[in-house]
Amino acid sequence: MLNLYDYIFYFFAIVILGSSFVVVFSRNIVHSAFALLFTFFGVAGFYVLLSADFLAITQLLVYVGGILVLLLFGVMLTNNIVNVEIKSGTMQTLPASLIAALIAGLLCGIFYVSNWYLVPTTPELLNNTTAVAIGYAFITTWILPFEVASVVLLVAMIGAVIIARREKAPEVE
Amino acid sequence: MLTDFGRIFIFFIVGAIFTAGGLMTSWLFRPKRYYPQKLSTYECGEEPIGDSRVKINVRFYVVALIFVVFEVEVLFIFPWALIFQKVGMFAYLEMLFFLLILIVGYAYVWAKGDLDWDKPIPVIPQLSKLLNNKS
Amino acid sequence: MNLILEPIVKILIVLFINLTLVSYLVLIERKVSAYIQNRIGPNRVGPWGLLQSVADVVKLFFKEDIVPKDANKFIHSLAPVISVVVAFSTFAVIPFGNKITLYGNEYNLVIADVNVGVLVILALTSLGVYGITLSGWSSNNKYSLLGGLRSSAQMISYELSMGISLIGILLMTQSMRLTQIVAEQGGYIFGFIPNWNIFLQPIGFIIFLVSTFAETNRLPFDLPEAEEELVGGYHTEYSGMKFGLFFLAEYASMITASAFIVTLFLGGWQAPFIEYFNFSPFVISLLQLSAFAIKVLFVLLFFILIRWTIPRFRYDQLMNIGWKVMLPLSLLNLIVTAFLILINIL
């Protein structure tokens with residue numbers, strides 16, 4: 001018997017699958033980027049269904065609000081990309097499908113093994129945000145990874161900026 | 001929690017139905033008399049030159065890159081802020097250290113001029129120069 | 001059934017009030033600008049021009065919808081819808097009153113009391129980028145593209161300082177639930193100043209206020225549609241109802257932004273000194289509702305006054321303010337606030 005949660009789950013699943021097909025098969029790269037918006041959105045919906053509220057919002061803020069904007073800028077940065085057909089041809093079909101099958105199998109295995117947490121039942125879980133637990137984890141168990149994360153972010157920022165930096169343009173009068 | 005997020009979702013749906021309804025209603029009433037001149041791209045009466053999807057300044061991309069890094073950082077701070085009062089000094093020092101490392105990056109980006117936007121360099125006409133040229 | 005019906009009724013009421021407010025906000029803005037510029041403003045349709053908004057809406061419905069032939073039709077129509085939906089739906093998390101008892105049932109005057117409400121605000125604000133960017137891209141017009149680009153770069157730049165300035169409040173309330181943030185703003189400092197966050201977080205308030213102006217693309221941050229440079233900015237190629245939707249989205253996001261400012265910094269629905277009078281609970285609920293409405297209207301008036309009195313920034317100035325003033329200031333605010341809490345002053 002399907003209940004409301006199941007319907008919502010299938011709704012998001014359809015959104016994710018449909019939009020990711022558009023992402024992969026659309027010839028227009030901006031359409032792909034746009035469809036990715038819905039994919040991210042659907043994934044955020046999944047997080048909510050798993051009661052991972054903080055993760056869901058993080059997904060929206062970082063991926064939808066940041067990475068996708070970056071992608072759109074990247075697309076617009078590339079001149080005339082709309083007219084040039086940048087459809088990737090099919091090559092190396094065999095290794096690609098092998099790897100894809102391998103990853104799919106791995107994911108299915110994880111799905112099967114995982115202890116899925118279904119519907120929040122305790123009032124404590126319903127009222128508290130997972131962010132508090134995450135905060136405690138940051139200063140106890142995962143304190144080193146937390147600080148290392150800041151170093152990673154530092155390296156990412158400096159590296160990205162160096163790569164993306166334009167050569168000094170000649171002074172224009 | 002689920003129901004609350006669900007309500008936001010319902011709001012999305014109601015809002016989408018409402019706006020789509022507005023567009024539909026307008027579609028029923030509005031005139032549809034098109035001709036090529038009306039459908040041409042507006043460029044202050046001139047014929048548009050070249051493709052309008054012009055190549056953008058790389059600055060936009062750099063800004064977005066820095067933004068993503070900082071956004072992740074801000075999201076790291078949120079859970080910390082929620083437990084700060086209960087933990088106290090230790091949490092404060094930890095976050096200070098976390099921020100310090102990132103401020104190094106921020107200072108680097110600032111010093112290297114990646115945060116500077118391209119500024120127009122106006123050539124201010126000077127009367128004396130103009131007079132000199134004339135004579 | 002109540003699970004679905006109750007929010008839908010609330011949503012419809014909120015939508016209706018918002019729409020009415022938007023149409024009259026346009027009129028108020030035109031009137032205020034007229035008085036600032038020593039004119040009279042709209043006064044022909046109805047007494048004091050009060051029916052002007054109705055006339056505007058009806059006119060928009062009957063206008064032809066022109067889509068340039070090279071535009072991307074689908075995204076061109078979808079972009080205004082995204083803008084409007086995002087602008088309105090953010091209202092879902094705002095508590096516009098305390099509980100109210102009607103016919104024996106108690107109702108919470110908030111649509112969705114999410115436990116990460118503060119973050120939902122930020123996330124939905126960041127979604128607002130897409131309506132504008134996609135409209136700019138899909139129109140196939142240089143002005144539109146530039147407007148959309150500027151807008152997205154501007155919005156992401158100010159989103160950072162907006163987020164960090166909010167952390168100061170979180171440090172004090174230890175909760176991201178907006179109803180709790182409002183509830184904590186009851187009471188008084190020194191017995192007579194209302195315990196609003198604006199008095200506890202003045203720097204945070206200023207940062208948040210400025211960032212909100214930038215996020216809603218209002219003057220002095222209205223670079224995305226700077227008329228003198230970009231014709232109409234991202235909505236150059238829009239006409240008829242689609243243009244109307246963008247217009248609606250702009251004012252709707254202004255209303256939601258004011259509601260955020262009120263909720264986070266100006267005490268939300270808290271009406272100070274109300275407990276000294278002997279009101280019945282129902283009257284108190286109504287007074288709190290009107291306190292919220294009055295505060296929102298006040299902030300909206302402030303938005304309008306700023307628009308007609310302050311000139312626009314240049315784009316490099318705007319980016320400089322965002323990255324070199326707002327961001328360090330908000331970080332400093334965060335560190336100082338945490339320190340003050342640590343030594344038990346706040």
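Predicted model: local features only at pLDDT ≥ 70, side-chain atom pairs only at ≥ 80, totals over all residues.
**Stop 1**

Chain B has five helices and zero strands. Read along the sequence, the order is α-α-α-α-α.

Now look at the overall dimensions. The C-alpha trace of chain B spans about 70 × 65 × 25 Å along its principal axes. The radius of gyration of chain B is 28 Å, whereas a compact globule of 135 residues would have one near 14 Å. Colour by burial next: 36% of the 135 residues of chain B count as buried.

**Stop 1: chain B against chain C**

Bring chain C back. Select the contact between the two: 57 residues come from chain B and 60 residues from chain C. On the chain B side, pick out α1 (2-29), α2 (36-39), α3 (58-87) and α4 (89-111), each of which supplies at least two residues. Which helix of chain B gives the most to the side that touches chain C? It is α1(B), with 19 residues.

Colour this side of chain B by residue class. It divides into 35 nonpolar, eleven polar and eleven charged residues.

**Stop 2: chain B against chain A**

**Stop 3: the largest nonpolar core**

Show every chain again. The largest nonpolar core holds 164 residues, and V120(C) and L170(C) touch the most other members. Helix α3(B) gives the largest share of this core, 20 residues. Select domain 1 (1-83) and domain 2 (120-166) of chain A as well: both give residues to this core, so the core lies between them.

Centre the view on L170(C). What does L170(C) contact, leaving aside its neighbours within four places in sequence? In chain B, L170(C) is in contact with F78(B), A81(B) and L82(B). In chain C, the partners are V118(C) and M176(C).

**Stop 4: F12 in chain A**

Move to chain A and select F12(A). This residue sits in helix α1 (residues 4-25) of chain A. Is F12(A) buried or exposed? F12(A) counts as buried, because it has 21 C-beta neighbours inside 10 Å and the threshold for buried is 20 or more.

Display its contacts. Not counting residues up to four places away in sequence, F12(A) touches G42(A), G45(A) and F46(A). Then draw a distance from F12(A) to M76(A). The two are 64 residues apart along the chain, and their C-alpha atoms are separated by 29 Å.

**Stop 5: confidence along chain A**

Finish by colouring chain A by pLDDT. The chain averages 78, and 77% of the residues score at least 70. Among the elements of chain A, helix α4 (residues 93-113) has the highest mean pLDDT, 90. Helix α5 (residues 123-127) of chain A has the lowest, 58.

Key: Residues numbered from 1 in each chain as written. Chains lettered and ligands numbered in written order. Contact = placed C-beta atoms within 7 Å. Helix = DSSP H or I, 4+ residues; strand = E, 2+ residues; numbered from the N terminus. Nonpolar A, V, L, I, M, F, W, Y, C, P; charged D, E, K, R; others polar. Rg over C-alpha atoms; globule rule 2.2 N^0.38 Å. Buried ≥ 20, exposed ≤ 12 C-beta atoms within 10 Å, placed from the backbone. Core = buried A, V, L, I, M, F, W, Y, C linked by C-beta atoms within 7 Å. Domains from an automatic or database assignment. pLDDT = per-residue confidence, 0-100.
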